[in-house]
Structure formats: structure tokens, C-alpha cells
Amino acid sequence: MKRLVLRLLALLLLSALSLQLFFLARIALMVVVDPQSTAFQRSEAWRLLVEKHELAWSQEWSDRVSPHLGRAVIASEDAGFAEHGGVEWDAIEKAWERNQKSEARAEKLNEQAEKRAANGKVATPARKVEAKVVGGSTISQQLAKNLFLSGERTAPRKAQEFLITFMLEALLGKQRILAIYLNSVEWGEGVFGAQAAARHYFRVDAAQLGPAQAARLAVMLPAPKRFEKNPGSAYVAGRSATIQARMGAVELP
């Protein structure tokens, strides 16, 4: 029995090591070869086919993305991008604390709603309040997740994200990481990469994006499908003005 357990542990260890070597080889290839798709993109393609029975898709790699977009995305998503080693531990700790408070608040509101329903004060139970979850991920971490991983929130997946992030930083460097991120990130349903986003929202090429346009695209990144429905909202306008004011202090890698 002991020998069987040891064999199983050895197989698990070998499988885990093989997976890391696979990721390492894929990332090493990205030094010279642009990735054709990401795990997130393939997942979205399948979802669109299943739900809408069609695949409205727009993506085109561009080696000439406006530097304004790089500055806007860094200012919005990851101000310390050029300095950190892939992970900002302080940001992760702050995000965890905020999420804990948000979950506690949501749980309290749901308990109060259930009590009112039980006491007959409302006809039907209110829809459950969902905790607002915020992330502390860097651009490198977001790219690691998009390239290879699912969106589930589990400790093993997060650990794998960290490992891939360190591989990206070690093999690709900041400039290449930013280039791949801008060319693969989602900017709307079926809209991936800077070139597709620039054409979709502004009818220009990615190289022609101005500071204001770049800032508006950067605002959309946390929730592109939501902002796509109203890209000219007051929130987008206000937030993009804030980002544009910060762009001057951003140095590209």
C-alpha cells in the first residue's frame, strides 16, 4: 500500500513538472512568435457558438500600437508595471481585505432579506446581493491567466498564475509582455486586441489612437462587455479624464 501511494505521488509530481515545462516552452516560443490565441479567447469563442450559434470575432495583431494606449493601460491597470517583478503583494493584500469586507456586507444584507421574507414583511425574497470582488492582479498576472488558465477563483489556480507570471517576466521582459497583452486582451464581446478595439470604437488603426481615445479604451478593461453597451457614459468620460491626466507620468518599458 505504501509503495502504491509513493508511486501515485511520484506520478502527480511528474505530471505537475511536465505541465510547468509545457508552459515554459510555450512562453519561450513567444519570444519570437506571436500567440495566435489565448485560453480565454478560445473559451469565449466556444461560449458564443453555444449561446448565439455564431462567432462574431475580430482580432488582428499589430506591431504598431500607439504608445498612448500602453501608457493609458499602465496608468489604469498597473501603475508599477515597469518596476515590479510580476506580482505586487501589497495590492493583493489590500484586494483581499476589501473582498473580505464586501463578502461580509453581502452576507449580512442577505440574512436581513431572508428574515424579512420569513416574517412576511415582503411578498417574495429579494434577489441575493453579490459581493463585489476586486482584484490586485498586475498586467503580467492578467496575461498569465488569459494565456493559459480558466477564470475560476481557487488557490491552486492562483498558485499556477503566480508561476506562469514569473516565467513571463523571466523569459519575455516588460516590453514583450505589454505588446502581447495589448494585442490579446478583450475589449468587448468578440473584440480582442488593440487593433480590433481601435477599429470597432473609433474607426482608426491602433497606431493612430490619440491620448483621449486610449484612455477610454483603458477604462473598459475591467469590464469590457459592460462598458461596451455604453462607451460614452458619464463614468467612462470621468474615469478616462483621470487616466489621461496620469499618462504623462508613465514611462513605457
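Modeller: Ser-66 sits in the loop between β1 (58–59) and α3 (67–77). Helices (H or I, at least four residues) and strands (E, at least two) are DSSP runs, numbered from the N terminus. Ser-66 is buried, at 3% relative accessible area. Buried means under 20% relative accessible area, exposed over 50%, and partly exposed in between (1.4 Å probe, protein chains only). Leaving aside residues up to four places away in sequence, Ser-66 touches Ala-206, Ala-207 and Leu-209. A contact means heavy atoms within 4.5 Å.

A word on the model. It is predicted: local features need pLDDT of at least 70, side-chain atom pairs count only at pLDDT 80 or more, and totals for chains, interfaces and linings use all residues. Residues are numbered from 1 along each chain as its sequence is written, and side-chain values use heavy atoms, with hydrogens and water left out.

Now the whole. The protein has 11 helices and 3 strands. From the N terminus, their order is α-α-β-α-α-α-α-α-β-β-α-α-α-α. Of its 253 residues, 39% count as buried. Take the contacts between residues at least 6 apart in sequence: 72% of them join residues at least 24 apart.

For contrast, look at Leu-8. Leu-8 lies in helix α1 (residues 2–29). Leu-8 is partly exposed, with a relative accessible area of 47%.
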